[in-house]
Amino acid sequence: MITEMLAPPPRSNSQTNLLQPIGAYALHGLAVAGDRLIALDSARGYLLSIDLNSENTSILNPDRVLQFEGATGLAIWEDTIWFTKEDTVYFCTRTDFTPQHFVTLPYTANGVAVWESTVYVTCQKAGYIFIYNRATARLITQFYSPGIGVEYIAVRGEELWVSDDIEQTVYCLERATGQILYSVLTPFENPTGLAFQTNPQTGKDSLYVAYAGEEAYIRDDPNANPPHQLEYRDRTFIHPLQFYYNQEGNYALSNGFLIEMSYVEELLPLEAVHLQNVEWRIALPSETPRQKVRQISGVGLPFTEEIVDGQRIAVFKFDNLKPDERHLFGWKALVEVYGIKYSLTPRDLEKVPDLSPEFQQRYLVDDDELAMDTDIIRNAAIEAIGTETNLLRKAYRIRNYVYDKLSYGIKPHIDPPDVALERGVGSCGEYVGILLALFRLNGIACRTIGRYKCPQQADKLGVPLYPDYNHVWLEFYVPGFGWLPMESNPDDVIDRGPYPSRFFMGLAWYHVEIGKGISFEKLKTDTTQESGEEISIGELAINHIRFTILEELEVGD
């Protein structure tokens with residue numbers, strides 16, 4: 001089953017659908033009034049009325065802004081406006097913006113939504129969505145919050161929709177029970193409000209999400225040397241969240257982008273070397289439910305293509321490479337990428353088939369210096385899961401265990417899992433090494449995936465973007481279902497947890513999947529160094545990686 005597609009208002013595909021109201025500083029809370037969006041600017045106390053087509057913006061409460069400064073959640077029901085400020089929920093009329101008290105919580109109230117006789121209030125510190133009777137302000141019941149961050153809420157029919165700023169996620173909940181039906185990754189960080197707008201001509205809904213945060217920029221400073229300073233400024237905007245939910249596949253896709261990615265090697269040896277019969281193999285982008293390859297072409301030199309374990313490989317061949325010879329060679333790919341989030345639960349995996357002998361031999365062994373025979377790794381594998389037997393819960397516990405034990409740090413080389421675990425600091429590759437070892441020792445098949453993330457600047461279309469580092473994550477296998485993605489370390493954003501689950505069984509649009517379970521790049525040659533060791537790619541070449549986001553795509557099945 002696939003739910004209806006939520007489409008944005010028509011705009012040119014050559015630009016993203018961002019709404020950036022002039023004079024807005026930090027939008028927290030979003031609602032709809034007819035054909036206009038109503039947004040709450042927490043920094044200034046403005047209630048902003050925004051035209052969806054022109055972005056023309058006006059202040060609805062010019063003489064009541066002080067009462068709304070620091071307010072967050074926003075809802076509109078009939079002729080009343082509802083908002084949260086500190087620990088209190090208020091309401092006012094749409095003609096008189098004088099706040100009236102509704103209810104006070106023990107902790108800060110974040111978001112509010114109203115549907116008929118019911119008021120829904122989110123509270124991060126309590127970890128609940130509180131549900132009140134609108135006429136009496138009596139607490140009816142409460143649901144567990146779906147995420148761990150500050151959450152904002154909206155209602156559509158029999159559904160509750162909740163955005164979470166840390167999880168970078170919008171959840172669809174059953175309104176009667178609070179059960180999560182599915183969740184959708186947002187294309188930007190820090191969602192701070194959401195609202196549905198119905199097109200009067202088509203009757204279709206568009207889900208708009210507000211975002212608020214900071215961005216770094218270079219500021220001119222003629223009195224400094226050099227005459228520049230790194231500064232931060234507010235960044236806030238509204239963007240339509242597109243998605244479809246595939247119930248059969250247990251996943252939801254969200255906003256997609258067409259990306260041109262180039263990976264090019266510059267032959268530039270550190271020392272003079274003469275190479276004979278060279279075969280230089282570079283993995284190509286993969287085809288997955290969230291990633292489609294439109295086109296691939298060679299850069300600099302042509303290549304032949306091979307398929308290895310279902311993955312495409314570009315093969316460059318050289319009879320001789322002389323010491324003073326220089327080349328540029330690689331590939332350029334046109335790729336569609338979307339966010340994906342799987343919605344499997346432990347209950348779905350109470351009974352799974354046994355792992356096949358082929359998968360046991362391939363994905364449960366130490367095939368990459370994983371130190372699976374060391375005491376520290378074997379003890380960690382036991383400690384990580386305790387008495388848990390459910391496959392999904394085991395995977396989640398292992399992830400959290402590694403997050404508890406490691407802090408993120410970049411180093412010039414990757415140490416084995418036992419060394420990194422004992423040190424307590426690791427790069428993404430070391431996180432992955434430990435995760436692979438602990439997963440496999442606990443009977444969960446897994447493999448690496450990567451290799452790069454597009455810089456997270458979806459509003460910069462047509463601008464060359466260069467990633468700072470390569471990246472690697474992993475997939476784990478559920479017999480009878482398939483492979484599920486899991487980030488290596490970016491979810492380790494809160495010291496000692498609770499950790500977000502946004503990229504547990506999910507990937508954002510900017511992850512580019514290349515070479516599942518195989519080496520990203522390999523060199524074969526008849527030549528060895530005088531020491532007898534194989535020549536490494538890092539000693540021969542410099543890689544150049546470039547992304548260009550060409551357009552925002554509509555989500556389809």
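Asn 110 touches Thr 72, Gly 73, Thr 84, Thr 122, Cys 123, Gln 124, Val 150, Glu 151 and Tyr 152, leaving aside residues up to four places away in sequence, where contact means heavy atoms within 4.5 Å. The model is predicted, so local features need pLDDT of at least 70 and side-chain atom pairs count only at pLDDT 80 or more, while totals for chains, interfaces and linings use all residues. Residues are numbered from 1 along each chain as its sequence is written, and side-chain values use heavy atoms, with hydrogens and water left out.

Asn 110 lies in the loop between strand E8 (100–104) and strand E9 (111–115); helices (H or I, at least four residues) and strands (E, at least two) are DSSP runs, numbered from the N terminus. Asn 61 is likewise a loop residue, placed between strand E4 (57–59) and helix H1 (65–68), and Asn 61 touches Gly 45, Tyr 46, Leu 47, Phe 68 and Phe 97, again not counting residues up to four places away in sequence. Buried means under 20% relative accessible area, exposed over 50%, and partly exposed in between (1.4 Å probe, protein chains only).

| Residue | Relative accessibility | Class |
|---|---|---|
| Asn 61 | 0% | buried |
| Asn 110 | 8% | buried |
| Arg 496 | 55% | exposed |

The side chain of Asn 110 reaches the backbone nitrogen of Gln 124 at 2.8 Å, whereas that of Asn 61 reaches the backbone oxygen of Gly 45 at 2.9 Å.

A nonpolar core is a set of buried Ala, Val, Leu, Ile, Met, Phe, Trp, Tyr and Cys residues joined through side-chain atoms within 4.5 Å. The largest such core has 67 residues, and those with the most contacts inside it are Trp 161, Leu 207, Trp 280, Trp 331, Trp 509 and Phe 547. A second, separate core of 51 residues includes Leu 258, Val 402, Ala 437 and Trp 473. Beyond four places in sequence, the residues that Trp 280 touches include Leu 267, Phe 316, Phe 329, Leu 523 and Ile 537, as well as the charged-type names Glu 265, Glu 521 and Lys 522.

Definitions and conventions
A polar contact is a pair of N or O atoms within 3.5 Å; within protein, one must be able to donate a hydrogen and the other to accept it, and residues adjacent in sequence count only if both atoms are side-chain atoms.
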